Amino acid sequence: SMAGMVMADIPDLVGNWTGPYTEYNGDTGFKEQESGFFFLNITEQKDRIIIGHTRFADSGTDVTREIAGIISADGTQLSITEENNGYSTGRIIGPDEIELTYLDDKEPISVAIDQFFRIP
């Protein structure tokens, strides 16, 4: 019987997001950064798949990387891959808040905790 099956509400994540992050890099060590330096721009969503890009300033140069991701079937988790740049997984906390943990195994190894808030 399908009576017990309830389709989860899949959140609409299309939009621009930014927030503070903490990172560790094998070359440069630990760093904390305020909101407004690292951006997640989700440009399109089809069902549970999102696409878009990240954008940040590196020594004055604007860097953009393509991303693609998947929202979990229950609408609470998010997994993202960044072109040539590792993976993030995390939680969709609410309609305007996401927390991701980032892992990159390329040398120098790096990890980050990213908080994203939707930019109105």
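Colleague: How many helices and strands does the chain have?
Modeller: The chain of this predicted model has 10 strands and 0 helices. Along the sequence, the pattern reads β-β-β-β-β-β-β-β-β-β.

Colleague: And what does the C-alpha trace span along its principal axes?
Modeller: The C-alpha trace spans about 55 × 30 × 20 Å.

Colleague: What share of the residues counts as buried?
Modeller: Of the 120 residues, 34% count as buried. The accessible surface of the chain comes to about 7800 Å², and 53% of this surface belongs to carbon and sulfur atoms.

Colleague: Which residues form a nonpolar patch on the surface?
Modeller: The patch is formed by Tyr24, Phe30, Leu103, Ile109 and Val111, which together have about 520 Å² of accessible area.

Colleague: Where does isoleucine 109 lie?
Modeller: Isoleucine 109 is in the loop that runs between β9 (97–104) and β10 (110–118).

Colleague: Turning to threonine 81, in which strand is its place?
Modeller: Threonine 81 belongs to strand β7, residues 77–82.

Colleague: Which residues is threonine 81 in contact with, leaving aside neighbours within four places in sequence?
Modeller: Those contacts are Glu66, Ile67, Ala68, Gly86 and Tyr87.

Terms used:
Residues numbered from 1 in each chain as written. Predicted model: local features only at pLDDT ≥ 70, side-chain atom pairs only at ≥ 80, totals over all residues. Heavy atoms only, no water. Patch = residues over 30% accessible without salt bridge, like charges linked within 9 Å, V, L, I, M, F, W, Y side chains within 5 Å. Areas by Shrake-Rupley, 256 points an atom, 1.4 Å probe, with all protein chains shown as cover. Salt bridge = Lys/Arg side-chain N within 4 Å of Asp/Glu carboxyl O. Helix = DSSP H or I, 4+ residues; strand = E, 2+ residues; numbered from the N terminus. Buried < 20%, exposed > 50% of the residue type's maximum accessible area, 1.4 Å probe, protein only. Contact = heavy atoms within 4.5 Å.
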